[in-house]
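Colleague: I'd like to learn how to read a few features of a model. Could you walk me through them?

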Amino acid sequence: MESAGRVAFIGLGIMGAGMAANLARKGFDTTVFNRGAAKAVPVAACGARVAATAREAVGGADVVFLCLPATGDVAAVLFGAAGIADSLAAGTVVVDTSTIDPVATRDFAGRLAALGVSLLDAPVSGGQKGADDGTLTCMVGGPAEALATARPFLAAMATTIVHVGASGAGQVAKACNQICVSANLVGASEAMALAMKMGVDPSRVREALLGGAARSVVLERHVQKLLDRDFRPGFRTALITKDLTIAAKALNDAQVFAPVAAAVLQVLKGLGASGRQDDDWCAVGDLIQQLSAVAPPEGTPPAA
């Protein structure tokens, strides 16, 4: 395809690497930057240029993507001592696919707007597989005209792009998403533990549930990883805990009655406190099995 403009991508973690690779593979003129240069190598193999600094990466870019772990990281990349804000030309669109605080997002958008730069908060859902396959769901907040500029680039990595509303609305939608999926995983994990405790094959229970109203992506994908005892990180426990902490703060600030989110957050914090921050978040099911005295013995290998 013919390039629709120059794009920069900053942050090549589990999600960002797949997203940036899709931009390069689909013919966009792509420059990438990551603090750990080794993570840029696979993306470069897809046709992207690798910049030595974030400021170098954004030079001449029409659209700049960020995919960073936390609110402080986004603030530093935009406005820190080596930040990119002053290097962005007027008219540039910054698309932040990170999951961060919606209030901070609105502040960042205002500061960039004063420089003639638009910010879209565009967090994504779909996990590493969605990032690699280009099938993510993208929840967008910010100006419609900026989204029109960014949409061809977003379409290289997402099959569902929803303009939720004004600045910060995308982050609010992502908080809602994380409430739903984390509650779903904890509930499904309890269901698997019940099946095991009652002497029923949890894989058969999962198969039965997939045929009815309990069917979900969590049951299809993450519970299968749990039953396979595959705790390699697709989405780390530390990140879902960070995301749900953001959601809990928003719920509290908005005075929403939220007993489920509060309880799930405590379970996730317990999982992290047990030393499993870097395991895939489906490990919450292993914690529930351990506390229910039905977990396989430690050291049991993943299913083949």
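**A strand, some rings and a pocket**

Modeller: Let's start with strand E1 (residues 6-10), which is mostly covered, with 4 of its 5 residues buried. Here buried means under 20% relative accessible area, exposed over 50%, and partly exposed in between, with a 1.4 Å probe and protein chains only. This is a predicted model, where local features need pLDDT of at least 70, side-chain atom pairs count only at pLDDT 80 or more, and totals for chains, interfaces and linings use all residues. Residues are numbered from 1 along each chain as its sequence is written, and side-chain values use heavy atoms, with hydrogens and water left out.

Colleague: How many bridges join E1 to strand E2?

Modeller: Two strands pair if DSSP finds at least two bridges between them. E1 and E2 (residues 29-33) run parallel and are joined by 5 bridges. Within that pairing, Val7 stands opposite Thr30 in E2. Strands (E, at least two residues) and helices (H or I, at least four) are DSSP runs, numbered from the N terminus.

Colleague: Which kind of aromatic pair do Phe79 and Phe108 form?

Modeller: Rings of Phe, Tyr and Trp (its six-membered ring) pair if their centres lie within 6.5 Å; planes under 30 degrees apart are stacked, over 60 edge-to-face, and the rest tilted. The structure holds 4 such pairs. Phe79 and Phe108 are tilted, at 5.8 Å centre to centre and 50 degrees between the planes. Phe79 sits in helix H4 (residues 71-79) and Phe108 in helix H5, so the pair ties together parts 29 residues apart in sequence. Phe108 is buried at 6%, while Phe79 is partly exposed at 22%.

Colleague: Which residue lies over the face of Phe79?

Modeller: A charge sits over a ring if NZ of Lys or CZ of Arg is within 6 Å of the ring centre and within 35 degrees of the ring normal. For Phe79 the residue is Arg111, at 3.8 Å from the ring centre. Likewise, Arg276 lies over the face of Phe231, at 4.8 Å.

Colleague: What is the volume of the second largest pocket?

Modeller: On a 1 Å grid over the protein atoms alone, a pocket is an open set of points where a 1.4 Å probe fits, with protein on both sides within 12 Å along at least five of seven lines; lining residues have an atom within 4 Å of a point. Grid points are joined across faces, edges and corners, and a volume is the space filled by probe spheres set on the points. The second largest pocket has about 230 Å³. Of its 16 lining residues, the closest to the centre are Pro102, Val172, Ala250, Leu251 and Ala254.
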